[in-house]
Amino acid sequence: MSEVSIRPALITKVLPDSIAAEIGFEPGDRLVAINGQKPRDLIDYQFLCADEVLELEVLDAKGKAHEIEIEKDFDEDLGLEFETALFDGLLQCNNRCPFCFIDQQPPGMRQTLYLKDDDYRLSFLYGSYLTLTNLTQREWDRIEQMRLSPLYVSVHATEPEIRSRLLKNPRAGQLRSQLQWFQERRLQIHAQVVVCPGINDGVHLERTLLDLAEFHQGEMPAVASVAVVPVGLTRFRPDQDELVPVTPEKAQEVIAQVQTLQTQFQRQFGSTFAWLADEWFLIAGQALPPESHYEDYPQIGNGVGSIQQFLKTFAAATARLPEQISPPRKLTWVVGNAVEQAFQPLLQRLNQVEGLTVELVALCSDYWGQSITVTGLLTGHDLLPALQAKDLGDGILLPTVMLKHGESRFLDDTTVEDLARQLQTKIWLISNVEEFMETCLWLDAAAQPCISGTPKAPSCV
């Protein structure tokens, strides 16, 4: 991108007791340049801030220009947070994958829901997946020069004709040479394979995993891990898209096929290398592998081992549960029906506490037209009719995985405020096990705004 397309980076937060706070930075200020260079993104910002002497060009909230010189330790952070990690705009996708979730949404939603990102910087910073088909030579050079590794790559198939068919892009067939590029430069990727029955399953899936395993060699393997994920379909997907849903029988077939290869990889590498997403076992009605199977959870972002990790964290947190609480309280915990059976032991343990009642409401998504639904895809349209006639007790425990990051808005644009008002109840936003336990044990404090002097509690809407 040309330099003129780089916008000054909007500062949204200044961390207390930081260098930036001491200087007097405020939200609404904009960072223009560091040592004469305009940062394109958060990666540039972090790289440029590594110097001990910084000359900053800044625009304050009124648009007045300032030049500021800072001396600091080499590894000391300024304490600024920005509106976005990308100051020069999002690199969008030029593929037309039929299973892309962006194309499986209804029209008329907020514009940001239709942005298809294929940005290597978001992949490096946050673990989002890209296809490598949209990279220019300049971007390949930057990945090499700045050692942007690991990246997270949607592979789906290694056979050129199959991958090109899936991505609807002739450039998709160049994958193998791109993997060699990473290997030669000692850079790494984590791979994702979305299995679409009848297209890249069966012998094609086996070929893909064996091909990727060829790049899992040496001290710095180019392919560090692989996640095998079932295709997710909604009722809004385009007509004639070639796709069919994953049935329990197909899930059982894929599990058996991949587990055979996992045994081979364990012998060859001492690692499972290719993991099955939790959804396969939920669809197949089979027990999840033990927690030890997932090693260091390299594919947790793909739902590989996320249930077992949650169960492990929860089990450790139950040591804090008292024998009883007073006054008695009842809470309604809403999840996707995909995890209903897996969460039964948690429910039983919580309800052993005298005075505490937690009711699990496990829902599928009528909004998306799914019979088995992960928690993150539930919407306000799913929750409202399912909860309207229920005794919700003191309120709802709502996992934040259902919401847009940093906001209280579902994928269908319903807000948590709307839902709380229509249900006439309190809703606690739960982002982790710690917040879940605190809400159960400190309901009275959590029911108040998060004010100082009370036990740390999640937001109540």
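1. Cysteines. In this predicted model, cysteine 440 has a relative accessible area of 1% and is therefore buried. Cysteine 49 also counts as buried, because its relative accessibility of 8% falls under the 20% cut-off. A search of the whole structure for disulfides returns 0.

2. Sheet order. An open sheet is built from 4 strands, which run in the order β12-β11-β13-β14 with parallel pairing. The edge positions are taken by β12 (354-363) and β14 (427-430); each has a single partner strand, so one side of each lacks a neighbour in the sheet. On average, and with direction ignored, neighbouring strands of this sheet are turned by 25° against each other.

3. Pairing of β11 with β12. Strands of a sheet are paired through backbone hydrogen bonds, in either a parallel or an antiparallel manner. Here, β11 (residues 324-336) is joined to β12 in the parallel sense over 9 bridges. Within this region, arginine 329 has leucine 356 of β12 as its bridge partner.

4. Helix on the sheet. Helix α14 (residues 433-441) packs on the sheet and touches β11, β12, β13 (396-399) and β14. The direction of α14 makes about 140° with that of β11.

5. Second largest pocket. The volume of the second largest pocket is about 190 Å³. Its lining comprises 12 residues, and those nearest the centre are Arg40, Tyr120, Arg138, Glu139 and Arg142. Two or more lining residues come from each of α3 (120-126) and α4 (137-146). The most is given by α4, with 5 residues.

Key: Residues numbered from 1 in each chain as written. Predicted model: local features only at pLDDT ≥ 70, side-chain atom pairs only at ≥ 80, totals over all residues. Heavy atoms only, no water. Disulfide = S-S within 2.5 Å. Buried < 20%, exposed > 50% of the residue type's maximum accessible area, 1.4 Å probe, protein only. Pairing = 2+ DSSP bridges. Axes fitted to C-alpha atoms, helices over the stretch in contact; angles between N-to-C directions. Contact = heavy atoms within 4.5 Å. 1 Å grid on protein atoms, 1.4 Å probe; cavity = no way out; pocket = protein on both sides within 12 Å on 5 of 7 lines; lining within 4 Å. Points joined across faces, edges and corners; volume = space filled by probe spheres on them.
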